[in-house]
Amino acid sequence: MRTDLAEPGQAAPAGPILAVETSCDDTSSAVVHGREVLSSVVSSQDELHAQFGGVVPEVASRRHTELVNEVIAEAMSRAGVTWDDLAAVAVTQGPGLIGALLVGLATAKSVACRRRLPLIPVNHLQGHIAANYALGIEAPFICLVASGGHTLLAVVEEGVRYRVAAKTLDDAAGEAFDKGARLLGLGYPGGKELDRLAARGDPGFARFPRSMPRGRGFSFSGLKTALLYDLRDRDEAEVEAHRADIAASYQAAIVRQLVEKTVAGAQHEGLRSVAVAGGVAANSGLRAALTQACEAEGLRLSLPPLSLCTDNAGMIGLAAGFLPALPWPDYLDLDAFASDAEAKAARPPRTRRPERAPRPRRPRGA
Ligand code: KG4
Ligand code: ZN
């Protein structure tokens, strides 16, 4: 699969870019200049969704509507830029929750339109990958993209253009973390909670299957079932006493697969530079294991800071620097997309005629 999802348009303009990201439950805005993130503000909705045990799409959209203007104002103020300094506006176009995306897209359009600025639509996954550019990485490199909805190995050929070398055959790694956390009775958001608990557990306590599918793809659904059986086969007191050990063993099994497949992928592709992206890249076990494995194999590793791993607009601004910009008013009817399949089926934005001064009306009867 190739991912040249950007529509035809002009090259990204030089100067600060205001970025907006609302693909799921984080309302975020950033100001990015080239590869420098001048500011990145994330307003998390975790507490709001915790009461439901997961993201409720409609609740997320409504909250984005309430927060987005304030978050943009904060990003502008922290970056110390004015509206006149902006060269373009970038926004996540998809994939993600459609209602949530539409809030960001409509907001970005209005900000851009008001100033006749170009708009840069960004694919969320290309954003995650681009987070690594803040660390000075240069393509080509292989990137493990592991989030709540995706797990894949991307061979990044240039900028944010990539080819999928392997992907999950079932669940995403983030999903495995979230479902595991739920089975272990942990709070929401699951991945982070499981990571925290696993830090004080023994990863050798429970044995989980290697769950290593043949070929280069990933698989996590068997692991999740194994955890379910493991917990069912222990009595309550044992689970209570060893919750951290079970969490650590489960996390280690996920991490082992991610690390082995990533290193094997780099070797198969003949690439010496490895990067990670997506919320799961914030996992402390994964960061430690990948650091060790890359050192042992003599691979260069790019580990973005946690703030650039989980959803944030900084990464969207970084990706925008590699993507074409749509001039005003070509983006006015631009739509969001929930999945990559939907993006491919979508028609490209209509090119409108440049703005013309209205013709003077002839007086009636003349
Ligand atoms: O990239 P992201 O913020 O949003 C999506 O695009 O999906 O990724 C969210 C996923 C969730 O499944 C979350 O549980 C997981 O990343 N995650 C973690 C950690 N922090 C976030 N998983 C394991 N350990 C963490 N520290
Ligand atoms: Zn994400």
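The largest pocket of this predicted model holds about 1,400 Å³ of space. Here a pocket is an open set of points on a 1 Å grid over the protein atoms alone, where a 1.4 Å probe fits, with protein on both sides within 12 Å along at least five of seven lines; the volume is the space filled by probe spheres set on the points. Its lining comprises 47 residues, of which D25, G148, D178, Y188 and P189 are the closest to the centre; lining residues have an atom within 4 Å of a point. By class, the lining has 17 nonpolar, 19 polar (Gly is counted here) and eleven charged residues.

Helix α5 (173–183) is the greatest contributor to this lining, with seven residues. At least two residues each come from several elements, including β3 (36–44), α1 (46–50) and α6 (190–198). Domain 1 (2–132 + 311–346) and domain 2 (139–304) each supply at least three lining residues.

Beyond neighbours within four places in sequence, L258 is in contact (heavy atoms within 4.5 Å) with L144, T151, A173, F218, F220, V280 and L286.

Local features need pLDDT of at least 70, side-chain atom pairs count only at pLDDT 80 or more, and totals for chains, interfaces and linings use all residues. Residues are numbered from 1 along each chain as its sequence is written, and side-chain values use heavy atoms, with hydrogens and water left out.

Note on methods
Chains lettered and ligands numbered in written order. Helix = DSSP H or I, 4+ residues; strand = E, 2+ residues; numbered from the N terminus. Domains from an automatic or database assignment.
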